[in-house]
Amino acid sequence: MSFDYVNIQRPGGASGLPVSEKSFRDVLIERGLSLRALAPEVLQVNVGKLCNQACKHCHVDASPTRTEIIEKTTVDACLEAIGKYRIPTLDLTGGAPELIPDFRYFVTNAVQLGAKVIVRHNLTVMTVEGMEDLPEFFAENRVELVSSLPYFQERETDAQRGNGVFEKSIGALRRLNEAGYGMPGSELTLNLVHNPVGAFLPPDQSQIEADFKRELLERYDINFTGLFTITNMPIARYLDWLRRSGNEAKYMSKLVNAFNAATVEGLMCRTTLSVDWLGNLFDCDFNQMLDMRILGDQTIFNLDLKTLVHREIRIANHCFGCTAGGGSSCGGTVV
């Protein structure tokens, strides 16, 4: 199946994206597919937009100058939901989650409730004053780490994440290895994330993982558990770059033409409930950035989870990014 991409604004659309002749909804209908939620296995909380980095691809528009961060009342409401509904996994993202005042409180209390905690850890936050003991804190609480490293070479990484980031990231990875993370036989999980620097889809996940493992071990004596490939979503800061560089139409056509129906069943939005720093509910972190809230008046403060199971998931054309090729999720490829 092949579609031509047409640069037309969707009047009043939530995403602000140009649309193809066949929208994401059109393609699902043609294939006899729909997107409905299952019982959530993951509560993914975006704790805010404060970050020690300002990456060019960031769909959150996070940076050191942002002031939006989650308050303790919202943290407590998330913890209450985890305990009440026995949600097995808490996934903390941002921004840099470690920079919020209640980060360690959030992690330790979630662990006490029996939840597995995943932290989207950018590595360089470890160099911020007061964060030097993060490897030990993570290890003590058996936190699963997911850390972005665009490439195993300095030029590509710094081009996306800022000058000096690669060198700091290598230092942080060594610290994590010393704490047992990513080492052979270790139960401390350290997954890396590769997302392309340019306007193209990521390569085959298993192949690029083998390349990363070989090169990082040979060049820097660094080990890690696995590699996730994630497609850059055409929203926020990355969409701005696509437009400035004249790549928007080409990239969207690439996503649309790579649509893979086999990815739909395993999309993360089906088993993830996304919460923003204010407590609003979304189907995924990308919808969150576009303010596409779950329909209805529920927030984390008045959550009735049984009424959200089997809900229809809100979609727009950025969803083509999650269904292109092998698919894309917070856990890497879908198929």
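The model is predicted, so local features need pLDDT of at least 70, side-chain atom pairs count only at pLDDT 80 or more, and totals for chains, interfaces and linings use all residues. Residues are numbered from 1 along each chain as its sequence is written, and side-chain values use heavy atoms, with hydrogens and water left out.

Let's begin with helix α6, residues 165-178. Helices here are DSSP runs of H or I with at least four residues, strands are runs of E with at least two, and both are numbered from the N terminus.

Which residues of α6 are buried? They are V165, F166, S169, I170, A172, L173, L176 and N177, where buried means under 20% relative accessible area, exposed over 50% and partly exposed in between (1.4 Å probe, protein chains only). These residues cover an arc of only 165 degrees around the axis, so they sit on the same side of α6; the arc is that of the directions from the helix axis to the C-beta atoms. The face turned away from that side carries the exposed E167 and E178. Among the elements covering the buried residues of α6 are α4, β6 and α7.

Now for the cores. A nonpolar core is a set of buried Ala, Val, Leu, Ile, Met, Phe, Trp, Tyr and Cys residues joined through side-chain atoms within 4.5 Å. The largest has 60 residues, and L43, V45, L92 and F138 have the most contacts inside it.

How values were computed
The expected span of a helix is 1.5 Å times one less than its number of residues. Contact means heavy atoms within 4.5 Å.
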